[in-house]
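Please read the following note alongside the sequence and the model.

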Amino acid sequence: MTSSPLSPLDRYFGLSAHGSSAAQEVRAGVTTFLTMSYILFVNPQLLSGAIPVPNAFVQLLMTTALAAAFGSLAMGLVARYPFAQAPGMGLNAFFAFTVVQGMGVPWQTALGAVFISGALFVLLSVLGARQAIVRAIPLGLKFAITGGIGAFLAFLGLRSAGIVVTNPATIVGLGTLTSPGALLTIAGLVITAALMVRQVKGAVLWGILLTSAAAILLRLPVFAGGPDGALQAFPGFGGRVLGIIDAPVWPASLVGQLDLAGALGLGLLSVVFTFFFVDFFDATGTLTGLAQKSGYLDAKGDMPRARRTFAMDGLAAMFGAFMGTSTTTAYVESASGIGEGGRTGLTAVTVGVLFLLSMFLWPLAAAIPAAATAPALILVGALMMDGVRHIDWDDLSESLPAFLTIVAMPLTFSIANGVSFGVITYCAVKVLAGRARQVSPILYGVAILLLARYAFLANE
Ligand SMILES: Nc1ncnc2[nH]cnc12
């Protein structure tokens, strides 16, 4: 039997080999881009308070787009995985509020610290140390990391929809369910879920587009306007050519401004290491979770091409710091494109190209309402939970660390904390229960480093 020769695109990305097609990958890329495009607005909002340059919002938006484009293209072209990257939430808040505004570190020096932590990342990845740590994490905890990220995604979605809100007495509480944003999210959630159950191709993407159209037509609040996820009305397409295109601005006050010498000073060692630790476990957890979700982990739970995959997120952090933004990292929102069938690097390349285009089309990106991406985040969260069935719930020395990993991610708003809680309790319970031999020596080393981080370094 002869089969038709594969196109160069198919051969490079392995489209048919992964049961995918160019159309499926592009659809997945558009979906991932739409669920993460909020970062184009949220990152500049968070960072502009700490980086007081002229026209800070637009310069930071361009820097965010360039960092996300570079990170996603590098991951797609070099590691050939469907994982998109962008400046990470949590890490940007730590950069702005704790390091620059809280500790009084100049923003250029803080960027230097991000760059150095990225370089350490690349070094450890190339040396194989990162892969060794991932291998030492027991399979049950890996499934818990994926599940915890799912819970974290759902929390992000519920929060941006205004369904979960802050409550001074109880920390979190129920928002106004009859608000337009909440109602639209609930409708979008149910409709998208029904499309998925009916196995409609592009269900998540259709859900996002239909909800966006409804929000704009009904003139409902769109786009999460602040770090607290507050909703605001879509201002409409006014102004330039066609009203949706605007010229890109070169972020001249940000590019190359990082201060490496300052960041290497002894006083900043703890800042460099906090960026390093948080991103290490955030990105490692995200990448292993996504690899598991897209069916790439082998029977032992190892990820193929781990060296270059991990090196690419370190490189993206270095590039992003050079361009003027806090740590760029693999995005959990990539799970939405994976849920849409994205299996190869072409998905991430699509995301990268869309981030480049968004330097021109950024007024249009503002039209995607939080209420449209929230259902995707919640649904994908549910999909990421499926692996927790493989956790040994009858053995408390396995289930307690897994449980803590899952709940700590949304409750401390950090993937890194979830992984850390899991690793530390896993080691501690195994030792005290007389099962110390079941744990890899590498995991003990990691647990000790994580404990030291909590004891001595600034909180993220
Ligand atoms: N810090 C982070 N890690 C993974 N995915 C993210 N999406 C947004 N912020 C993220």
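1. A residue is called buried when its relative accessible area is under 20%, exposed when it is over 50%, and partly exposed in between (1.4 Å probe, protein chains only). By this scale Lys430 is buried, at 0% relative accessibility.

2. This is a predicted model, in which local features need pLDDT of at least 70 and side-chain atom pairs count only at pLDDT 80 or more, while totals for chains, interfaces and linings use all residues. Residues are numbered from 1 along each chain as its sequence is written, and side-chain values use heavy atoms, with hydrogens and water left out.

3. How many salt bridges does the structure hold? There are five, a salt bridge being a side-chain nitrogen of Lys or Arg within 4 Å of a carboxyl oxygen of Asp or Glu. Side chains of opposite charge can pair when their charged atoms come close.

4. One of these salt bridges joins Lys430 to Glu398, at 3.1 Å from N to O. The pair links distant parts of the chain, helix α18 for Lys430 and helix α17 for Glu398, 32 residues apart; helices (H or I, at least four residues) are DSSP runs, numbered from the N terminus. Glu398 is buried, with a relative accessible area of 18%.

5. Asp395 and Arg435 form another salt bridge, their closest N and O atoms lying 3.0 Å apart. Asp395 is in the loop between α16 and α17, and Arg435 is in the loop between α18 (415-432) and α19 (441-456). Asp395 is buried at 17%, whereas Arg435 is partly exposed at 33%.

Notes: Helices (H or I, at least four residues) and strands (E, at least two) are DSSP runs, numbered from the N terminus.
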